[in-house]
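Student: I have a new model to look at. Can you walk me through it?

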Amino acid sequence: MPMAMRTITTTDHALMRLLQLSSVSLPVGGYAFSQGLEYAIDSGWIHRADQVADWLELQLLHAQAKTDLPLLKLAMQADSDGRWQSLNDLSLACRETRELRLTDGAMGEALRRVLKNLGIDVPQVLQQEVSFIVLFAFAAKHWGLEFGATALGLGWSWLENQVAAATKLVPLGQTQAQQLLNDLQPLLPQAIEIAKSVEEDFIGAGLPALAIASSRHETQYSRLFRS
């Protein structure tokens, strides 16, 4: 039975924890990172809602489905410091540009501070440069969440943040933004099904346009910072 047709069940407590972890109000700065989208819009690659949809669909079914979600799955299964460390290293190594790695690390560090303030002890190996994806998995495991629901939460959080960025940058109206969310939501279960079949040795996805946009945005930012 396709995942889109199944009901994901969880306890009320676990559901509330999932909503907390996936909320755009979680202070990890996800809304502040466009992940190449800003450059793509500034350069004229994207200037309509349907182009935003194409850009995000490609990332959902490749970057998310073949990198972040398989990493989430494996990290939720991790049961030792060595395993946490190796998956954290893999997650950071999968970032194709310095900007994308800094994004993952900055959000991971922000989430680490949140968990610390909530009284949750993070493994020592995840105290330094930590991937947001791996720490998201750690929090989900700590709260007893299962992979399917957690993956939907992570995917939804990413999608909502990206649409929010596009709403400001294109710009889009709020109605167009809601239409984008409505149209792209059905891809989340599809991305999760793809992720389930991705073995560890095959984690990773190459999206040249995303890498180019991120690297050029990174260079532009560096020049502005130096000036």
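Student: At what angle do α3 and α9 pack?
Tutor: Helix α3 (residues 49-77) and helix α9 (residues 187-196) pack at about 50°, with axes 8 Å apart. Axes are lines fitted to C-alpha atoms over the stretch in contact, and angles run from 0 to 180 degrees between N-to-C directions. Helices here are DSSP runs of H or I, at least four residues, numbered from the N terminus. This is a predicted model: local features need pLDDT of at least 70, side-chain atom pairs count only at pLDDT 80 or more, and totals for chains, interfaces and linings use all residues. Residues are numbered from 1 along each chain as its sequence is written, and side-chain values use heavy atoms, with hydrogens and water left out.

Student: Which residues of α3 and α9 meet?
Tutor: Among them are Leu60, Leu61 and Leu69 in α3, and Leu187, Ile192 and Ile194 in α9; contact means heavy atoms within 4.5 Å.

Student: New topic. How many salt bridges are there?
Tutor: The count comes to 8, where a salt bridge is a side-chain nitrogen of Lys or Arg within 4 Å of a carboxyl oxygen of Asp or Glu.

Student: Which residue does glutamate 109 pair with?
Tutor: Glutamate 109 forms a salt bridge with arginine 112, with the closest N and O atoms 2.8 Å apart. Both lie in helix α5, 3 residues apart, about one turn of the helix.

Student: Is arginine 112 buried or exposed?
Tutor: Arginine 112 is buried, at 16% relative accessible area, while glutamate 109 is partly exposed at 22%. Buried means under 20%, exposed over 50%, and partly exposed in between (1.4 Å probe, protein chains only).

Conventions
Helix = DSSP H or I, 4+ residues; strand = E, 2+ residues; numbered from the N terminus.
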